[in-house]
Amino acid sequence: MNKWTVAALAAVFLTTACGSQDNTNSKPAIPADAEIEARVEKTLGTLTLDQKVGQMLELQIDALGAWGDDGRFHLDSVKMDSLLVKYQVGSVLNCPGHALSPEDWNAVIGEVQRISMEKIGIPTLYGIDQNHGASYSIGATFFPQNLNVAASFNPEIAYRAGEITAYETRACGGPWTYCPTLDLARDPRWPRFWENYGEDAYVNAVMGVAATRGMQGDDPNHVDRNHIAVSIKHYLGYGMPFSGKDRTPAYISPADLKEKHLAPFKAAILEGGALTLMANSGSVNGTPVHASREFLTEWLKDGLNWDGMIVTDWADINNLWQREKVARDKKEAICMAVNAGIDMCMEPYNVDFCTLLKELVLEGRVPQSRVDDAVRRILRVKYRLGLFDQPMTEAKDYPRYGCAEFAEFALRGAEESEVLLKNVNALLPLKPGTKILVTGPNANSMRTLNGGWSYTWQGDADRYAQEFNTIYEALQQKFGAGNVSFEPGISYKMSGAWWEENEPRIQQAVDAARRADVIVACVGENSYCETPGNLDDLNLSGNQKDLVKALAKTGKPIVLILNEGRPRLVNDIEPLVQAVVDVILPGNYGGDALANLLAGDANFSAKLPFTYPRYINSLSTYDYKVSERTATMEGAYDYSADVKVQWPFGFGLSYTTFKYSNLTVTKPQFAAGDSLVFSVDLTNTGERSGKETVMLFTSDLVATLVPDNRRLRAFEKVELAPAETKTVTLKIAAADLSFVNAKGEWCLEPGDFRAQIGTEVLKITLN
Ligand code: BGC
């Protein structure tokens, strides 16, 4: 779909998402299709209460089968009969432990579908986590993780990666994924930082809409066989646990929840047509989201006028009593969650949800109408996906699975997503013939390039992605094997926990460095996912820092490669190196992309979609409150405050330079209903072609709530040849400048705002 250009996306998004002065929506978010609604009602009318509660249950595939001696996963007919068929279960999820080939996927999903159709009469809704491509499928195209996609500031990458992911998921027989992830990555300690599109609400919204459209296509009522249904997640406020640890409580002001955290979900529903949503496993301000009628029903279903389906996260109804202690037992937990608005329970191993929910209905504690509403929403997704008519899709009909064209796109995406953060004395690009020492624990690993959600939950690309190039292999190919040597110095314990390292061999790396012109030191993290990725110290590991410090003493220039899912602190080693590239988690083509970039065959164009912290006690986001940074006041006491970062949000270098000039706006004095068109001239002042993301930031200078320092309101990525000038226009609605006040209402207050694009600043005033 070519209309999803950056500009079109931004413009469409701005009509209703962040800029709305209201979070309610009078028109249906997804206009109902009369024929589908009639079929839903007809099916619903034939179902007994037992069948209805069965539809509301989702089981994990492991509960229904086991791995055989032949190395293949087999469904077990006894388990299928006693669980799936007996309880008329409506949905199944996940891969059985590790990735399958498309054919093996076809066999597993095909069998579940066949039995569901024959014995239940309703197709199953099979869900798989496809975080950066069809990431549980052998031979699928793996894209950079979402944090990289955000760094590209190019929504076309999110869109096209979504399209290819959908195609390859259909090849496997899957119609539904738990993606895209739209939590705001606002705390770098959190182990799921890399799964979403960075810290900013607007970037998450734009990318979330693009990914949703890419995966689902343009007509949410008729998702064709090249597309799949999304489940945007994890609604709401998941990304800011107070402790920094996964699935622990968040405390977020009601204003921020509405203004920032809701924004990407709202956009993905209203502009993207997202069909389903997964709830946040944790609690916000003391209320577990799975038990919040306000968040699930009032804000989403009623507020947005949305007829989609809400699924729990993993075992999260159980967690209402076992972990969160807001319910006495499982039955009370089910009662709370279903009454709050949960439609489907990702149990994932047990069927007593059905028995207990039936009892709750018969006792009058859960209204029959609530169960009907939930089942209607589940059936609606199944009809919208066409599953009643064609329950399966098969690999043989998807000949482009894993094709060269998809690979090429993933490579370009990786190139656009690796961020150049430092390049003293133009050390980069490296000249042909340069003798390079590649070192560090991330230098020769596919696992670290991909991160978690790659072939297995915790990430196991070293086992499944051997045919792709690690950084070391890609540099060898680029600069010639004779010019590139490898001595890791530090290595991860492959059988241990993700943070464990083997005994350092730093001296060997130092000795090897003496024979090289340049050191490429690849540091960061091994792969992890979710709660196992919790950490106690955001600093880069001591061994890895020691390696860089020892290498620096050789006097050889160092290119520091950061390959990590969250920004690990490097303030003490950054001054020792001449160049820094944060490749984040660029996927299977990330090594090749880096080699192209380091050689200058491609130009850097990514920018940080998060604030890279400098100190552990100075964690911040770019939209911090203005009073977090103040000069001291007059008199004896120093009341100053500062925000110290390593690299700011939006920062990223290129091999060329850009100059901004002539910023103008159509209405320096504006009214609340106006549109504002900003225009700026951008000139490529260097000697190479390059892409630059033009970003419009605004600041409300005085407001009734302490204003944010700045907010990103629009962006567009443009490409310029040397000496070329382009005029870039960015359009916003005046309403985009509004904020949620202390009463929880959207408001736009008169007064002055500062608008900034690049180095250019101007004042605009709402009269
Ligand atoms: C994660 C979700 C995921 C689900 C199913 C949970 O542990 O939080 O993001 O979609 O598992 O795999």
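Helices (H or I, at least four residues) and strands (E, at least two) are DSSP runs, numbered from the N terminus. The model is predicted: local features need pLDDT of at least 70, side-chain atom pairs count only at pLDDT 80 or more, and totals for chains, interfaces and linings use all residues. Residues are numbered from 1 along each chain as its sequence is written, and side-chain values use heavy atoms, with hydrogens and water left out.

**View 1. Tyr87 in the loop between α4 and β4.** The loop links α4 (77-85) to β4 (91-93). Tyr87 has 21% relative accessibility and therefore counts as partly exposed (buried is under 20% relative accessible area, exposed over 50%, partly exposed in between; 1.4 Å probe, protein chains only). Beyond its neighbours within four places in sequence, Tyr87 is in contact with Asp50, Gly54, Ser82, Val351, Cys354 and Thr355 (contact: heavy atoms within 4.5 Å). Gly71 is 16 residues away along the chain, and its C-alpha atom is separated from that of Tyr87 by 29 Å.

**View 2. Helices α9 and α10.** The axes of α9 (residues 254-270) and α10 (residues 293-302) come within 12 Å and cross at roughly 60°. Axes are lines fitted to C-alpha atoms, for helices over the stretch in contact; angles run from 0 to 180 degrees between N-to-C directions. α9 is therefore oblique to α10 (under 35 degrees is roughly parallel, over 145 roughly antiparallel, 65 to 115 roughly perpendicular, the rest oblique). From α9, Leu257, Lys258, Leu262 and Ile269 meet Phe295, Trp299 and Leu300 of α10.

**View 3. An open sheet of six strands.** The strand order is β13-β18-β17-β16-β14-β15, with mixed pairing. β13 (419-423) and β15 (484-486) stand at the edges with a single partner strand each, so one side of each has no neighbour in the sheet. Neighbouring strands are turned by 20° against each other on average, direction ignored. Within the sheet, β17 (residues 558-563) and β18 (residues 579-582) pair in the parallel sense over four bridges (two strands pair if DSSP finds at least two bridges between them). Leu562 stands opposite Asp582 in β18.

**View 4. Strand β23 and its partners β21 and β26.** Eight of the 10 residues of β23 (residues 675-684) are buried, so the strand is largely enclosed by the rest of the structure. β21 (residues 658-665) runs antiparallel to β23, joined by six bridges. Phe658 has Asn684 of β23 as its bridge partner. β26 (residues 725-733) also pairs with β23 in the antiparallel sense, over nine bridges. Here Leu682 stands opposite Lys726 in β26.
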